[in-house]
Amino acid sequence: MTGGTAARGPLDGLVERVRRDPGAIGALFPAVGRTVGRGPGPSGDPDGILGPTVQDEARAALVSALAAALGDGAPDRLAEEVEALYRFGDAEEKRAVLRSLPVLPDGDAASRLTAGLLADALRGNDPRLIAAALGTPAAAALDDHAWRHGVLKCLFSDVPLDAVHGLGDRADAELGRMAAGYAAEREAAGRSVPDDARRLLSLTHGETEA
Amino acid sequence: MRIFDPHVHMTSRTTDDYRRMYDAGVRALVEPAFWLGQPRTNPGSFHDYFDGLIGWERFRASRFGIRHHCAIALNPKEANDPRCAEVLRTLPRYLAKDGVVAVGEVGFDAMTADEEKAFAHQLSLAAEHGLPVLVHTPHRDKAAGTRRTLELVAASGIPPERVLVDHLNETTVDMVDDSGCTLGFSIYPDTKMEPERMVRILQRRGLDRVVVNSAADWGHSDPLATARTGEAMLRSGFTRDDVDRVLWRNPVEFFARSGRLLLQELAPYSGGAFAGNSILRAQHAEPDA
Ligand SMILES: [Zn+2]
């Protein structure tokens, strides 16, 4: 490992190793907690639901290094490596891959990969993965139907809507209709309507948010 | 009595077992990757199993106040199936993960050339990843298999104190002792070791470098065999501190060499969900549609 002076020292060393030997990322990526550090990132959320953790940010730096090392000429190889990081990742590593998707250079291979990983994350019930799938600009790859279902799933999975990237811009009348149905079901069952459901309703009725 | 079970296959056990283990003093364990009874037919089957060891099973144990670690490897039995051996290529991804504290179980089953190749390869992976090794010794032709095991360990250059040679009995204890490796005893009904025999071995050679495990799995086995051994030690005049050394400090010292032990206290019996799957649902099974 190279001897940086600041706390970035260990991460700089890992980035350098991936640039020299892209295949090394398979074993460096899982070990980031031990080699670089752990903890909440700027969002203050240790579970990484409201924003990336320290490990997520370090892992995104490794994915950037991988993309740089492979260059523009190998988009398929890059997509393959990133897909394997996700496939063989534990939940924390999968979350980091999802949060890294925006650093991939644009192209067919990256689009296909993004669509596939977002769909996988939204199929499951792990709040960390649902939040990460909807939490970056990469969620633009979801079609409107899939995105709306993802947002609605947040209400069922304890994912706060603050975790959803660009919610105000993308929420539409159809999402409002779905949220209204959810609220009606809750009321019919004698249950309370969560604040986030009310927020969706107000967003999609053109009203200002509380 | 606090207990670290260094070899137990919790994937095959129930939530009742977790509760009884906690009540008996078990606070941490290592689950080595092994055969599932039903042969696997492809690497994907291993990947899903490994994912379970680092994911669902760790979560399940934590709900009962027990720290779950694992060892990852291609086991000797399935090293003989060319459809499975390909999993060796993906092992490095798993060996890099938090909570993976050893390479294992590796070793011999029928002492074939394929087993030896997979064993030697995985010893070199352990050296590369700075991990201890958990070695299974065979049921059949045990003494010969153990002797060959020690030769391969010596040839690997891994310091012997980083290698745990397991399932020992009266016929293999001395050669492993002489090698400097850590000595593992599986207290397993019928086939391996019993508490009273274990006590006699401890009386003869002392407590140094000895660990005791239940090796409980899907066979006739007892996840409380560690506690039973501690009780037998106390009955025979060993002190509480002696028991703590064998059942806690020795295994902790061995696996701490990985630098990846997680031993903070957990609060048992708390609620919570893993990947949307609550443990209560696992406890009170609902019929699936
Ligand atoms: Zn075993």
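**Figure 1. Contacts and elements of chain A.** Of the contacts in chain A with a separation of 6 or more, 61% are between residues 24 or more positions apart, a contact being heavy atoms within 4.5 Å. This is a predicted model, in which local features need pLDDT of at least 70 and side-chain atom pairs count only at pLDDT 80 or more, while totals for chains, interfaces and linings use all residues. Residues are numbered from 1 along each chain as its sequence is written, chains are lettered from A and ligands numbered from 1 in the order in which they are written, and side-chain values use heavy atoms, with hydrogens and water left out. The secondary structure of chain A consists of twelve helices and zero strands; helices (H or I, at least four residues) and strands (E, at least two) are DSSP runs, numbered from the N terminus. The C-alpha trace of chain A spans about 60 × 35 × 30 Å along its principal axes. Among the 210 residues of chain A, 49% count as buried. Buried stands for under 20% relative accessible area, exposed for over 50%, and partly exposed for values in between (1.4 Å probe, protein chains only).

**Figure 2. The zinc site in chain B.** Three residues coordinate the zinc ion at 2.1 to 2.2 Å: B:His7 (NE2), B:His9 (NE2) and B:Glu105 (OE). Along the chain the donors have the spacing H-x1-H-x95-E. B:His9 lies in the loop between strand S1 (3–5) and helix H1 (15–24) of chain B, and B:Glu105 in strand S4 (residues 100–107) of chain B, so the pair ties together parts that are 96 residues apart in sequence. Both B:His9 and B:Glu105 are buried. Donors are N, O and S atoms within 2.8 Å of the metal (3.2 Å for Na, K and Ca); water is not among the atoms, so sites may look incomplete.

**Figure 3. The interface between chain B and chain A.** In this view, 16 residues of chain B are in contact with 16 residues of chain A. The two chains bury about 1300 Å² between them, 46% of it on carbon and sulfur atoms; buried area is the accessible area (1.4 Å probe) that two parts lose on being put together, summed over both. On the chain B side, B:Arg93, B:Lys97 and B:Asp98 lose the most area to chain A, together 45% of what that side buries.

Figure 4. One salt bridge joins the side chains of B:Asp51 and A:Arg87 (2.8 Å, N to O). Helix H2 (43–54) and helix H5 (91–95) of chain B each supply at least two residues of the side of chain B that touches chain A. H2(B) gives the largest share of that side, five residues.

Figure 5. Just after H9(B), B:Gly206 has a positive phi of about 90°.

**Figure 6. A salt bridge between two helices of chain A.** A:Asp56 forms a salt bridge with A:Arg99, with the closest N and O atoms 3.9 Å apart. This pair links distant parts of the chain, A:Asp56 being in helix H4 (residues 54–70) of chain A and A:Arg99 in helix H6 (residues 91–100) of chain A, 43 residues apart. A:Asp56 and A:Arg99 are both buried.

Figure 7. The side chains of A:Glu81 and A:Arg77 form a salt bridge (3.3 Å, N to O). Both residues lie in helix H5 (residues 75–87) of chain A, four residues apart, about one turn of the helix. A:Glu81 counts as buried at 12% relative accessibility, whereas A:Arg77 is partly exposed, with a relative accessible area of 36%.

Notes
A salt bridge is a side-chain nitrogen of Lys or Arg within 4 Å of a carboxyl oxygen of Asp or Glu.
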